[in-house]
Amino acid sequence: MLNLLKDAVSKAVYEYLRPEDNQPTLIEQERPQVTCIGEVRGQEDAKIGILIAAYGGHDVLMIGPPGEGKTLLASTIPGILPTLTEEERRARYRYLADTSSLRPFVVAGSTCSETDLLGGGRTHPKSGYITQAHGGILFLDEIVHFKKEVIEGLRAPMEDKQITIRRGGITTTFPANFQLIGAMNPCPCGYHGYAECSCKEGEIKRYLKRLSGPILDRIDIFLSLGTTTSQEFFSPPTPNQSNAFLARIKEAINFRELGRNQYCSNSYIPGHHVADPSSKLLCWSEDGLGRFKQVIDAPKFSGRKRVRLGRVARSYADLYFDKYIEEHHINAALKFTDDSIIEGEADEELT
Ligand SMILES: [Zn+2]
């Protein structure tokens, strides 16, 4: 009897939490004010990296000294992405009562707990930041300072695009399909490689080692944000740059869907396609494949790096509406997939 009562109460709470029936039709909303990417001064390479990442759904790690606009740049991404799909909007309404059609931008600071990030609750399952970021961006600021177990907890939901939480006899599966953007300083003082750095070599290596392997494996694009010059600092904003990026991304999506019948982002292209010279998703040109082979024959060029390079080169080619991946697409993608600032230093033995 008690169990029956418990089940009935659970069901009521469950239905309250998941108001899937009789929900109102969502209405397309005005795009709220998001900072235009043209407001970010300098950082031209990083902006192109953001354009590629936004188009291809690639996870990003931004590295640079403090105060160089990492958070600002990340926060412009919802303004250059097409609005949520109907399915994404319904999921956000159902689990978060959110009626916006704009993709969310959720910031998680390094002091957040596992419950804040993944979800939890006392009496019933509650969603965390990863669900709040569903369909949009999860920004992990100071990513090396997160507790290891908090970051490790991201591994399964990043794989499954959802998370199941059990509390008080209730089990809820929350959606959690987000694009991860991480930001970090290059060393404890923040200036290594950019200005005078006061850190010892061993301190820098230990600092970089803190970056979790499973997360690093997910990152496709590495962006270095250097200090802006006075000329860049005082330069006027580029008007409507976000609208121009958005238009380009929409055209590239059409190009991908019509040209290759590919309806998922390039970040989902399976590794075995990258390793297939006649892949219908990659579409290698002879020169492009030759250059790719030359690059990946370098020592320490892991399988993960090969896949990353292939996917990002595909995104770059799509943004130029080029059917085949050519040599210059590989060269451009190399610039945005270079993780030597992290792995080059952290790989070596600690001194
Ligand atoms: Zn330093």
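Reply:

Leaving aside neighbours within four places in sequence, Cys112 is in contact with Leu117 and Val150. Contact means that two C-beta atoms, placed from the backbone, lie within 7 Å. This is a predicted model: local features need pLDDT of at least 70, side-chain atom pairs count only at pLDDT 80 or more, and totals for chains, interfaces and linings use all residues. Residues are numbered from 1 along each chain as its sequence is written.

Cys112 sits in the loop between strand E2 (105-108) and helix H5 (114-118). Helices (H or I, at least four residues) and strands (E, at least two) are DSSP runs, numbered from the N terminus. Val150 is 38 residues from Cys112 along the chain, yet their C-alpha atoms are separated by 8.3 Å. Cys112 is partly exposed, because 18 other C-beta atoms lie within 10 Å. The cut-offs are 20 or more for buried, 12 or fewer for exposed, and partly exposed in between, with C-beta atoms placed from the backbone.

Now the sheet. Five strands form an open sheet in the order E2-E5-E8-E1-E9, with parallel pairing. Strands pair if DSSP finds at least two bridges between them. E2 and strand E9 (219-224) stand at the edges with a single partner strand each, so one side of each has no neighbour in the sheet.

Strand E1 (residues 59-63) runs parallel to E9, joined by five bridges. Leu61 stands opposite Phe222 in E9.
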